[in-house]
Amino acid sequence: MLTIGDFARASRLSAKALRRYDELGLLPPARVDPFTGYRYYAEEQLERARLIAWLRGIGMPLAEVGQVCALYASDAAGAARAIRGYWARVESETAARRDLAASLVDRLRGPTEMTDEMTDEMTDGMADGMADGMADGTADGTSGGAAGRPVFVLRTAVRLDRGLVRAAQQDAAHAGPHLLAVADGYGPEGARAALAAVGALEAVPPPAPSARAGDVLNALEDAVRAADGAVSGLAESGTTLTAAVWTGGRLALAHVGDSRAYLLRDGAFVRLTRDHTVVQALVDAGELDPAEAADRPDRALLLKALDGGDAAPEPELGVHETRPGDRYLLCTDGLSAVAPADAIRRALAAGVGPEEAAEALVALARERGGPDNVACVVADVVPA
């Protein structure tokens, strides 16, 4: 038997940590002296103690440490999968924070430096489209004239389709003058979860054209927390959520899960969100070729979702400058998981309005078997 001091030195854990792990049931001593209360440990416990130390070293919360240790006792491979899943989630969250940091750096550098990075073609297009708004004293072309009427507005269309396989519709969507949102519910109450999440986002007030980006992002983040609370109590159910708030000059995005947001600008098609899935985390870590990701059976295994749990997930946040002629797409994975990005781009770039484009996207998913529900929102930045 080892005293607590000897065991602490051998396991690289402090005596204070060992007492804490005893209280939590993670690492109870082999024997406790009934008179002095002194703890003694068996040498066989060193392996578990070192595992706990290593798991804490990678930042794993104590609740998950206990789950991995319990798995390790009977299923070492299962414990390894749990550790890999945890680390994939860490990398996904780190990537989301990196994107937010990059967005903040761009914002804080100011419009002059951001303009310097634009191509001549993009700058000329923006200048042509914004001329009227600037003449009326606005820097972003969002309002003009004494009446403060918007120079540019969003023209939107929304489509929901059950698909050809699913028995029920569990997706939800919203397209309004300032708010776009799609949600993909799962579980026995998935439809209610998706509707509740989108409903919570609809409470976000229309931002003023002069609203600061940080204020809009704060409002969006609060709304996502409210959406997570709205899903609470729906047993074994949850939803993804991708939402955007438009101020007339910028689009603020909040994203949780594997629904997506895209931008079509001057023929270039860009994905604005990153999937919060195990497969995407493996791609980000360089452990999986992106071309192989679509064929993985676990491609829909989520690292983040709104499920009303103890802690609301942190959404991926970002701010994007809008320009006249921009076309945005928000969609659930019923479209993005079955249709190649180039096919989606062609449907969006076909020279038709948002209504026709949304219909074409639903048809695209159906042409590929329609295995899942589809929700899509198409929004164009157009003159008022």
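I began with a definition: a residue is buried under 20% relative accessible area, exposed over 50%, and partly exposed in between. I also noted that the model is predicted.

**Entry 1**

I looked up Arg 9. Its relative accessible area is 55%, so Arg 9 counts as exposed. Asp 6 has 33%, so Asp 6 is partly exposed. The two side chains form a salt bridge, 2.4 Å from N to O. Where do the two residues sit? Both are in helix H1, residues 4-11, three residues apart, which puts about one helical turn between them. I wrote down the general rule: an α-helix has 3.6 residues a turn, so residues three or four places apart point the same way.

**Entry 2: other salt bridges**

How many salt bridges does the structure hold? I found 20. One of them joins Arg 345 and Asp 342, at 3.2 Å from N to O. This pair lies in helix H13, residues 341-348, again three residues apart and about one turn of the helix. Arg 345 is partly exposed at 25% relative accessibility. Asp 342 is partly exposed as well, at 39%.

I then turned to Glu 367 and Arg 368. Their closest N and O atoms are 3.8 Å apart, and they form a salt bridge. Glu 367 is exposed at 63% relative accessibility. Arg 368 is partly exposed at 36%. Elsewhere, salt bridges with shared partners link Arg 159, Glu 355 and Glu 359 into one network.

**Entry 3: the whole protein**

I stepped back to the protein as a whole. There are 14 helices and 14 strands. Of its 384 residues, 47% count as buried. The accessible surface is about 18,500 Å², and carbon and sulfur atoms account for 53% of that area. I also checked contacts between residues at least 6 apart in sequence: 66% of them join residues at least 24 apart.

**Entry 4: the largest core**

Which residues have the most contacts inside the largest nonpolar core? I listed Leu 201, Leu 220, Val 224, Ala 227, Leu 241, Val 245 and Leu 306. The core has 30 residues. Helices H8 (190-201) and H9 (213-231) each give it two or more residues. So do strands E6 (179-186), E8 (241-246), E9 (250-256) and E12 (316-321). The largest share, eight residues, comes from H9.

A second core stands separate, with 24 residues, including Leu 2, Ala 17, Leu 51 and Ala 79.

**Entry 5: helix H9**

I went back to H9. It has 19 residues, and at 1.5 Å a residue they should span 27 Å. The end C-alpha atoms are 27 Å apart, which agrees. The buried residues of H9 include Ala 213, Leu 220, Val 224, Ala 227 and Val 231. Do the buried residues line one face, or where else do they point? Seen down the axis, they fall within an arc of 160 degrees, so they line one face of the helix. After H9 comes Gly 233, with a positive phi near 95 degrees.

Note on methods
Residues numbered from 1 in each chain as written. Predicted model: local features only at pLDDT ≥ 70, side-chain atom pairs only at ≥ 80, totals over all residues. Heavy atoms only, no water. Core = buried A, V, L, I, M, F, W, Y, C linked by side-chain atoms within 4.5 Å. Buried < 20%, exposed > 50% of the residue type's maximum accessible area, 1.4 Å probe, protein only. Helix = DSSP H or I, 4+ residues; strand = E, 2+ residues; numbered from the N terminus. Contact = heavy atoms within 4.5 Å. Areas by Shrake-Rupley, 256 points an atom, 1.4 Å probe, with all protein chains shown as cover. Salt bridge = Lys/Arg side-chain N within 4 Å of Asp/Glu carboxyl O. Expected span 1.5 Å × (residues − 1). Arc of directions from axis to C-beta.
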